[in-house]
Amino acid sequence: MLRSQVVIITLASVLIFGMYLLPKAIVKGKKQVTQPSKSKQADTPKNMGEETHNQPSLSKQQLTQLANWKNAISSSTNKEKKIIFADSIANLFKSANQFDSVAFYKAKISEWKPSINSWMQAGNAYLFAARFALNQAKVEKSVQNARGYFNQVLKQKEDFLDAKAQMAQTYLMVPNKQNPMQGVQMLLQVIKKDPNNQLALFILGERSMQVRKYDKAIERFEKLLSLNPKNENAQYYLGMAYVETGKKLKALEIFKNIEKVSTDSAKVAGARSYLQQLK
């Protein structure tokens with residue numbers, strides 16, 4: 001497996017989580033969680049972190065806009081306005097691949113408007129940041145923050161399986177020393193309750209790839225694609241698993257399809273690389 005291809009699909013796999021994380025039941029009913037009590041607030045990560053990246057990666061125009069938005073936040077007493085500006089800042093940092101700051105501002109939004117949605121977005125952002133942290137200390141800090149937000153979600157909605165799946169992923173990234181298999185066990189519990197949970201299937205498939213259990217990965221991704229045939233991330237991983245197990249014709253079919261229909265330049269480049277390799 002080419003290292004560059006692993007990097008490409010790892011990035012792609014993280015991006016898919018946002019699609020799965022939005023709690024549809026909450027959104028449909030426009031249900032809003034009330035402000036938590038002081039005892040509950042203690043469970044939310046206190047140290048939201050700071051912007052530790054080098055901001056010069058932003059253009060002069062972006063830096064000016066960033067300064068204006070920050071000033072608007074500090075000068076406003078209206079939480080709704082603060083949220084709008086913070087969300088704009090988070091999107092700006094996302095475009096610059098500065099994921100620690102995306103998490104920082106998603107966390108601020110969850111302070112101003114605590115809800116299942118905002119906690120999930122903050123937790124997901126910290127999990128994303130952990131994937132790209134430059135050292136283990138930052139990984140552990142981001143994972144700890146992510147767990148805090150997923151815990152908040154599960155206290156409000158204990159049967160929210162996507163939150164459980166995301167919590168499980170934190171234990172795959174930073175294992176529990178007393179129970180190294182905790183993350184996998186949690187994911188299997190989710191699958192037991194909902195065999196069609198797409199997020200859990202995806203994470204289990206990805207985990208199987210990481211530990212080179214390619215037959216198991218194929219099982220997970222084929223099941224996921226039977227539920228959601230347009231999931232390009234699962235398609236790409238399945239193609240990789242087919243390559244690793246010698247299923248050349250199946251791999252060719254998948255990568256040709258990705259090359260033809262995908263609008264993601266990274267996936268297209270990876271697919272072409274595999275097609276060259278499989279000739």
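The model is predicted: local features need pLDDT of at least 70, side-chain atom pairs count only at pLDDT 80 or more, and totals for chains, interfaces and linings use all residues. Residues are numbered from 1 along each chain as its sequence is written, and side-chain values use heavy atoms, with hydrogens and water left out.

I then searched the whole structure for aromatic pairs and noted 12 (ring centres within 6.5 Å, the six-membered ring being used for Trp). Phe-202 and Phe-221 form an edge-to-face pair, 5.8 Å centre to centre with 70° between the planes (edge-to-face is over 60 degrees, stacked under 30, tilted the rest). Phe-202 lies in helix H12 (residues 198-210) and Phe-221 in helix H13 (residues 214-227), 19 residues apart; helices are DSSP runs of H or I, at least four residues, numbered from the N terminus. I also recorded one aromatic cluster of Phe-93, Phe-104 and Tyr-105.

Next I examined H9 (residues 136-156) and H10 (residues 161-173), which pack at about 155° with axes 9 Å apart (axes are lines fitted to C-alpha atoms over the stretch in contact; angles run from 0 to 180 degrees between N-to-C directions). H9 and H10 are therefore roughly antiparallel (over 145 degrees). Residues in contact (heavy atoms within 4.5 Å) include Phe-150 of H9 and Met-167 of H10.

Technical notes
Helices (H or I, at least four residues) and strands (E, at least two) are DSSP runs, numbered from the N terminus. Angles under 35 degrees count as roughly parallel, over 145 as roughly antiparallel, 65 to 115 as roughly perpendicular and the rest as oblique.
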